[in-house]
Amino acid sequence: MHEDAVPGFEIGKDGVGSIVVGVDGSPPAVNAAAWAAGLARRERARLVLVYVEPLASAAYWTSIGMINAAETANDYVAEVRREAAKFLDQYGIEWDLLHHRGDPATALEQIAEELRADCIVVGRSRHSGHLLGSVPKTLVTRAKRPVVVVP
C-alpha cells in the first residue's frame, strides 16, 4: 500500500471478507438478510446484521415515549438475535448483530466503513410509488462500497 493511501474499501481484493446487512423486520429486509446469509456462507465471510433504530419517530417526542420505544427496540434486537442464531449457526456462518440509533443509511455506511465491509445489503422498499425507499436510494447514491438492494 502506498504511504499516502487512505484505508477504506478495497476494490479488487480476493473474496468477500464481511457483509453488512440492514434488518428491520420488514419482508424486504428479511429477504436481504437471507440473501446476505447465503453469500456469507458461500464466501465464508462474516455477516454483520445491523438494526438501526430511527430516532425521528413521534415516540421520541416525550420521555415516556422514548423509554417505551427503546424497550421495544431492545426486545426486537433480542428476538433478531435468537432467530439469527437459530438459522445462521446451523450453517456455520460467522455473524454478529449490532444495534444503533439514528439515520439508517448513515449508520449502515459508517458501520461498513469501520468494519471495512465488502458490501452493504438492504431490502428494497416501495414508499410513495418510488422504486427504492429512502435508505436504499441514499446508500446507492452515497456509499463508498457496493450496495446490493434485494427485492
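This note describes a predicted model, point by point, from its sheet to its helices and cores.

1. Basis. In this predicted model, local features need pLDDT of at least 70 and side-chain atom pairs count only at pLDDT 80 or more, while totals for chains, interfaces and linings use all residues. Residues are numbered from 1 along each chain as its sequence is written, and side-chain values use heavy atoms, with hydrogens and water left out.

2. The sheet. Five strands make up an open sheet with parallel pairing, in the order β3-β2-β1-β4-β5. Strands (E, at least two residues) and helices (H or I, at least four) are DSSP runs numbered from the N terminus, and two strands pair if DSSP finds at least two bridges between them. At the edges are β3 (95-101) and β5 (147-150), each pairing on one side only. On average, neighbouring strands are turned by 25° against each other, direction ignored. Axes here are lines fitted to C-alpha atoms, for helices over the stretch in contact, and angles run from 0 to 180 degrees between N-to-C directions.

3. The β2 and β3 pair. Seven bridges join β2 and β3 in the parallel sense. V50 stands opposite L98 in β3.

4. Helices on the sheet. Helix α3 (residues 104-115) packs on the sheet and touches β1 (18-22), β2, β3 and β4 (119-123); its direction makes about 165° with that of β1. Helix α4 (residues 134-142) lies across β4 and β5, at about 155° to β4.

5. Helix α1. This helix covers residues 27-43, 17 residues in number, and reaches 24 Å from its first C-alpha to its last, close to the 24 Å expected at 1.5 Å a residue. The expected span is 1.5 Å times one less than the number of residues. Buried residues of α1 include A29, A32, A33, A36 and A40; buried means under 20% relative accessible area, exposed over 50%, and partly exposed in between (1.4 Å probe, protein chains only). An α-helix has 3.6 residues a turn, so residues three or four places apart point the same way. After α1 comes R44, with a positive phi near 55°.

6. The cores. A nonpolar core is a set of buried Ala, Val, Leu, Ile, Met, Phe, Trp, Tyr and Cys residues joined through side-chain atoms within 4.5 Å. The largest has 25 residues, of which I19, V21, L47, L49, L88 and V121 touch the most other members. Elements giving two or more residues to this core are β1, α1, β2, α2 (63-88), β3 and β4. A second, separate core of 14 residues includes V48, V52, L108 and L139.

7. Contact means heavy atoms within 4.5 Å. Neighbours within four places in sequence aside, I19 is in contact with residues including A36, L39, A40, V48 and V121. V48 is found in strand β2 (residues 46-53) and is buried, at a relative accessible area of 0%. V48 and L115 are 67 residues apart in sequence and 9.3 Å apart in space, C-alpha to C-alpha.

8. S18, in strand β1, is buried with a relative accessible area of 8%. Its contacts beyond four places in sequence include A45, R46, L115 and C119. A85, in helix α2, counts as partly exposed because its relative accessibility is 26%. Beyond four places in sequence, A85 is in contact with Q90 and W95. The C-alpha atoms of A85 and W95 are separated by 8.7 Å, with the residues 10 apart along the chain.
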